[in-house]
Amino acid sequence: MKRILTFAVIYLASIFLGMVIFATLFMLNCNLTSFVTGVQSAFFSLKFFMTGLFFSVPLVCILVQILFIFYLIRHPSQQILSFILYVIFGAVSWLVLIPTDLHLIHKYDSDTYSSRVEASSAGVFRKEANGVFYYSRIDENGKAEGLFLDTTGYFGQEGAVVPLYDYSVKTESAFPYSDILIKNSLEPSKIVTYPLSVYNALLTAGLYSSSLGFLAWLAFASLGLALLSAYGVQFASSWKLANVIFVICSCIAILFINFLYYMNIMPDIFKEIAFKLSELTGAKDPLIILINLIITVVFAVFGLFMSLYRFGNSNSEIEE
């Protein structure tokens, strides 16, 4: 009972702490996205923080699920009880927490998701693709006066200084930031943005599936079942560090396979198979359900075989 209570407290505390951390990071990112040089900005935004909370729940549940496996690799005692708790917590995540969160996102005001603002400020040099802008004054209608230093010959003569009168301030080049100066200074690398784009694509697919009803959500939640089956990968090696790496690689592979499917980035033969399976079964996304079920069975059988194998070897060593 003590172990059950300990795991439950750790699970809930990890979910809560993870949500707060990611919501704070989301809020700070939105603050930077909406920040304009020379314009005062508040540090804490309840709107951005709450949006971050909603968006972080699926990610936090997945990460806590993986961290749970790491904990069991480090503390392998009472595997049967640990496995039962792992399955229960996984079911709570994918059948209660995540769908409830997606339902709340549907009801949440979509206008609060946007943090970028169409605004600029005067008295600052801003280097863009075609040259350097300097606005000496910007009125309430977004019309500016100032100078443009033509460094590429955009206005006909490279190096020319072009006066601006009643010029409409444009910030499209700063997207997704509001200020080109912030973008040039802080825009993250692909190492950061690509995983986030994968998560965003899967979150969008989950939102759409949850909006179609419980059965459609179960189809998407086959992703969660495949991720849960990564539990079996922890028995692949006698080296704990190797098992950690195997679990991470397995989860990344599962997420990436699902990402490719929902983004329709597949060879034509898989698209044809998906279409035929949909006609035969009438189910939504039967191909990815089949793929996730195959992964689940393979990892489950592998984990069962390897755990029995290692248990048998440990008993043999004790007898000797």
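**View 1. Cys30, a buried cysteine.** Cys30 has a relative accessibility of 3% and therefore counts as buried. Here, buried means under 20% relative accessible area, exposed means over 50%, and partly exposed lies in between, with a 1.4 Å probe and protein chains only. The structure is a predicted model, in which local features need pLDDT of at least 70 and side-chain atom pairs count only at pLDDT 80 or more, while totals for chains, interfaces and linings use all residues. Residues are numbered from 1 along each chain as its sequence is written, and side-chain values use heavy atoms, with hydrogens and water left out.

**View 2. Cys61 and the cysteine sulfur closest to its own, in Cys251.** A disulfide is a pair of cysteine sulfur atoms within 2.5 Å. The sulfur of Cys61 lies 14 Å from that of Cys251, which is too far for a bond. Cys61 is buried, at 1% relative accessibility. By the distance rule, the count is 0 disulfides.

**View 3. Asp166, a residue with positive phi.** Although Asp166 is not a glycine, its phi is positive, at about 50°. Asp166 belongs to strand β4, residues 161–168. Helices (H or I, at least four residues) and strands (E, at least two) are DSSP runs, numbered from the N terminus. Asp166 counts as exposed because its relative accessibility is 55%.

**View 4. Asn264, a loop residue.** Asn264 is located in the loop between α8 (240–262) and α9 (268–281). Its phi is near 60°, a positive value in a residue other than glycine. With 45% relative accessibility, Asn264 counts as partly exposed.
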